[in-house]
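Please read this report with the model open beside it.

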Amino acid sequence: MGPLPVASIIDWLIVALALGSTLVGSYVGYQAYRGYRRHDSRTMRALSLGLFFLTAVAFGIAFVGSLLLREGYLGLQYQPLLTLVTRLFQFLGVLLIAYSLHSRQ
């Protein structure tokens, strides 16, 4: 058995980075949520939700969606919908983070 083709290695790296981003994003969102619970702050709640939507949810949808598309469990006609949902959570995340930065408690 010979070495893996470069395209295969790149595909594995893409999957690994997407999974890693989802896991790290979940951790960051959880830590922000702990900060909200500790201080009972509306701005911390918005920040934690924003970080969670931007990282864990958006990356998770993109990661799982791309795997389902790649393996043929979902038809390619669903790709624009998955992209739209991913972008929606990214936008909501950034919007909540901006709110948390400008909100006065």
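A residue is called buried when its relative accessible area is under 20%, exposed when that area is over 50%, and partly exposed in between. With these limits in mind, one can turn to Thr86 in this predicted model, where the relative accessible area of Thr86 is 7%, so Thr86 counts as buried. Thr86 lies in helix α3, which covers residues 79-102, and its side chain reaches the backbone oxygen of Leu82 at a distance of 2.8 Å. If neighbours within four places in sequence are set aside, the residues in contact with Thr86 are Ala58, Ile61 and Ala62.

Two further residues fall into the other classes of accessibility.

| Residue | Relative accessible area | Class |
|---|---|---|
| Thr86 | 7% | buried |

The C-alpha atom of Met44 is separated by 21 Å from that of Leu23, a residue 21 positions away along the chain.

Helix α1 takes in residues 6-39, and its 34 residues reach 49 Å from the first C-alpha to the last, close to the 50 Å expected at 1.5 Å a residue. An α-helix has 3.6 residues a turn, so residues three or four places apart point the same way. After α1 comes Asp40, which has a positive phi of about 50° although it is not a glycine.

Helix α2 has 29 residues, for which a span of 42 Å should result at 1.5 Å a residue, and its end C-alpha atoms are 40 Å apart, which agrees. Where is the kink in α2 centred? The kink, of about 35°, is centred on Phe53. Gly72 follows α2, and its phi is positive, near 85°.

Seen as a whole, the protein chain contains three helices and zero strands, and its elements run α-α-α from the N terminus on. Along its principal axes, the C-alpha trace spans about 60 × 30 × 20 Å. The radius of gyration of the chain is 17 Å, whereas a compact globule of 105 residues would have one near 13 Å. Of the 105 residues, 26% count as buried, and the accessible surface comes to about 7,500 Å², with 70% of it belonging to carbon and sulfur atoms. Among the contacts with a separation of 6 or more, 73% are accounted for by residues 24 or more positions apart.

Terms used. Residues are numbered from 1 along each chain as its sequence is written. This is a predicted model: local features need pLDDT of at least 70, side-chain atom pairs count only at pLDDT 80 or more; totals for chains, interfaces and linings use all residues. Side-chain values use heavy atoms; hydrogens and water are left out. Helices (H or I, at least four residues) and strands (E, at least two) are DSSP runs, numbered from the N terminus. Buried means under 20% relative accessible area, exposed over 50%, partly exposed in between (1.4 Å probe, protein chains only). A polar contact is a pair of N or O atoms within 3.5 Å; within protein, one must be able to donate a hydrogen and the other to accept it, and residues adjacent in sequence count only if both atoms are side-chain atoms. Contact means heavy atoms within 4.5 Å. The expected span of a helix is 1.5 Å times one less than its number of residues. The radius of gyration is taken over C-alpha atoms; the globule rule is 2.2 Å times the number of residues to the power 0.38. Accessible areas come from the Shrake-Rupley method with a 1.4 Å probe; for residues, only the protein chains shown count as cover. The bend at a residue is the angle between axes fitted to the seven residues ending there and the seven starting there.
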